[in-house]
Amino acid sequence: MLSSNGTGMTGNGQMSATAKKTTKTVEHFDVLIVGAGISGIGAAYHLKHQMPGTSFVALETQATFGGTWTTHTYPGIRSDSDLHTFGYRFKPWVGPPIAAASEILKYMQEVIDENDLTRHIRYGHVIQKASWSGKDNLWTIEALRKADGATVTFTTGFLWMCQGYYRHDKGYTPEWAGMDTYKGRIVHPQSWPSDLDYKGKTMIVIGSGATAATLVPAVANDTAHVTMLQRSPTYFIPGRNAIDIAEQLRALQVDEEWIHEITRRQILKTQDEFTRRSREEPEAVRKELLDAVKLFLGEDYDIEKHFTPSYRPWRQRIAFIPDGDLFQGIASGKASVVTDEIDRFTEKGILLKSGKELEADIIVTATGFDLSPQGDIDFVVDGKPVAMKDTITYRGMMFTGLPNMIWVFGYFRASWTLRVDIVADFVCRLLKHMKKRGAGRVEVAIPPSLKDMKLSSWIDPEDFNPGYIMRGMHLLPKRGELRDWQHTQDYWNEKDEMPKIDLDGEEFVYDRAKVEA
């Protein structure tokens, strides 16, 4: 999923021992934002507008903003959900609903420029450690400044984690037997080489998610042939890259802000109904999805084998295929799909468990993300290391044992950015409430009345189970059996529930602000 991922990412900066140095100056900010991707820029906007006078900084590992949309440079990189809802609620999206990375970056640049956010962002800063002091009610942040290799220090009263949930510097590639014998080039989409020439060459793309479905049609016209090799099929939604109601309203010369809000509401209503029907009448939804594919590939194509998953719709993310370009490539013969399992790599390509060998000049492993919920940051609370996997989440944004911290984890069944806006509202409300109470610290804790609450994994695998989440589930926080103690992935109820959260509820534990002598 590229839209979910939507953020700037921290990583392990490597410097030689002789190059390392530490600056003595410590800068303090009321709020420190981790990352300048879609989540971090949204957080900065809301802080500036909802809490004027608050000092804040966003630390970003990369040399520029954008997160996913900067670090992913493979051909065709685009959103897999509509930009009317992936865009922020406060800035209308005026282009086609499925947009290229360059268009998304242009939109984000406008947000930065229009709101004077550049001065709040520090690029090339790799956060390595975050230490909480209960004595001072402060986080101390140690970061590697790439420009000179120095370790710089910041303090902050509140840490807003907007770095996402996976590593941007590398993707996940399984270790298949024989990879070292292959004579061609192996590439992961997250590390797409700028010098890769695929014109007139044969290519295999391993995977069947949004990345593979984007990459295959993008290279099909230039390669000799491209094969999408998948272990099992995935659902897709092909359709016209336009929203009818938006086009109709523009024809009537309605103001873009009105178009943005009305279109968002229409899309979200449709998505809500689709999600509900996927649970209540999965076979009917399955038939609708497969019938849409048949319109492109015809009755004679083996849709049962190549595009009929074994799971019900929406147990994994469903990518939108604009204008059915993936299926058009297959129908033209420029692209093909093979559903089989890999036995091993060979000198010329891949040997499948069926005994067939696929030959290729280039093999692309579109095999998913490498999860890193903490952003490769070492967390220490009052001298003791804390790992997110050992915490319990409150609403998928706060965590037991980690005071004055919020993590933005967006939606899978709706656009990621919808939760960026909702969480930002909550953070600003919480910070105002802390000021009103004279509190310098807030932490969530399981109330005594819920001490026997059953705990389980971050996400229910029966409800949602993409491979990259299942591989990294052990790294993620635990959830409780009650709705408040889990990330429900339910935008349609959260949008009403979050503003009503009682900040004086027994799950919130406050400590008074420290007064300087």
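Modeller: Let us begin with pairing: two strands pair if DSSP finds at least two bridges between them. This is a predicted model. In it, strand S4 (residues 125-133) and strand S17 (residues 378-381) pair in the parallel sense over four bridges.

Biologist: Which residue of S17 stands opposite Ser131?

Modeller: Ser131 stands opposite Val380 in S17. Val380 also has a bridge partner in S18, namely Pro385. Strand S17 and strand S18 (residues 384-386) pair in the antiparallel sense, over three bridges. S17 and S18 form a hairpin with two residues between the strands, and there Asp382 takes a positive phi near 50 degrees.

Biologist: How is a whole sheet described, and what is the order of the open sheet of five strands?

Modeller: A general point comes first: in a regular strand the side chains alternate between the two faces of the sheet. The open sheet of five strands here has the order S7-S16-S8-S9-S12, with parallel pairing. Strand S7 (185-187) and strand S12 (335-339) are at the edges with a single partner strand each, so one side of each has no neighbour in the sheet. On average, neighbouring strands of this sheet are turned by 20 degrees against each other, direction ignored. S7 pairs with strand S16 (residues 362-365) in the parallel sense over three bridges, and Val187 has Val364 in S16 as its bridge partner.

Biologist: Which helix packs on this sheet?

Modeller: Helix H6 (residues 210-220) does, touching strand S8 (202-206), strand S9 (225-230), S12 and S16. The direction of H6 makes about 165 degrees with that of S9.

Biologist: What is the pairing in the open sheet of three strands?

Modeller: That sheet has antiparallel pairing and the order S13-S14-S15. Its edge strands, S13 (342-345) and S15 (357-359), each pair on one side only. The twist from one strand to the next averages 25 degrees. Strand S14 (residues 349-352) pairs with S15 in the antiparallel sense over three bridges, and Gly349 stands opposite Glu359 in S15.

Biologist: How should I describe two helices that pack together?

Modeller: Two packed helices are described by the angle between their axes and the distance between the axes. For helix H2 (residues 38-50) and H12, the axes come within 9 Å and cross at roughly 40 degrees. The crossing of H2 and H12 is right-handed. Among the residues of H2 in this contact are Ile38, Ala43 and Leu47, while those of H12 include Trp416, Val420 and Leu431. The contact of H2 with H12 comprises eight nonpolar, five polar and three charged residues.

Biologist: How many residues does the largest nonpolar core have, and which have the most contacts inside it?

Modeller: A residue counts as buried if its relative accessible area is under 20%. The largest nonpolar core has 132 residues, and those with the most contacts inside it are Ile33, Trp139, Leu159, Trp160, Tyr165, Met398 and Phe508. Helix H12 (residues 416-437) gives the most to this core, with 12 residues. Leaving aside neighbours within four places in sequence, Ile33 is in contact with residues including Leu47, Phe56, Val57, Trp160 and Cys162.

Biologist: How many residues are in the other core, which lies apart from the largest one?

Modeller: That other core has 14 residues, among them Ile206, Leu229, Ile342 and Leu358.

Terms used:
Residues numbered from 1 in each chain as written. Predicted model: local features only at pLDDT ≥ 70, side-chain atom pairs only at ≥ 80, totals over all residues. Heavy atoms only, no water. Axes fitted to C-alpha atoms, helices over the stretch in contact; angles between N-to-C directions. Core = buried A, V, L, I, M, F, W, Y, C linked by side-chain atoms within 4.5 Å. Buried < 20%, exposed > 50% of the residue type's maximum accessible area, 1.4 Å probe, protein only. Contact = heavy atoms within 4.5 Å. Left-handed = near helix turned anticlockwise from the far one by under 90°. Nonpolar A, V, L, I, M, F, W, Y, C, P; charged D, E, K, R; others polar.
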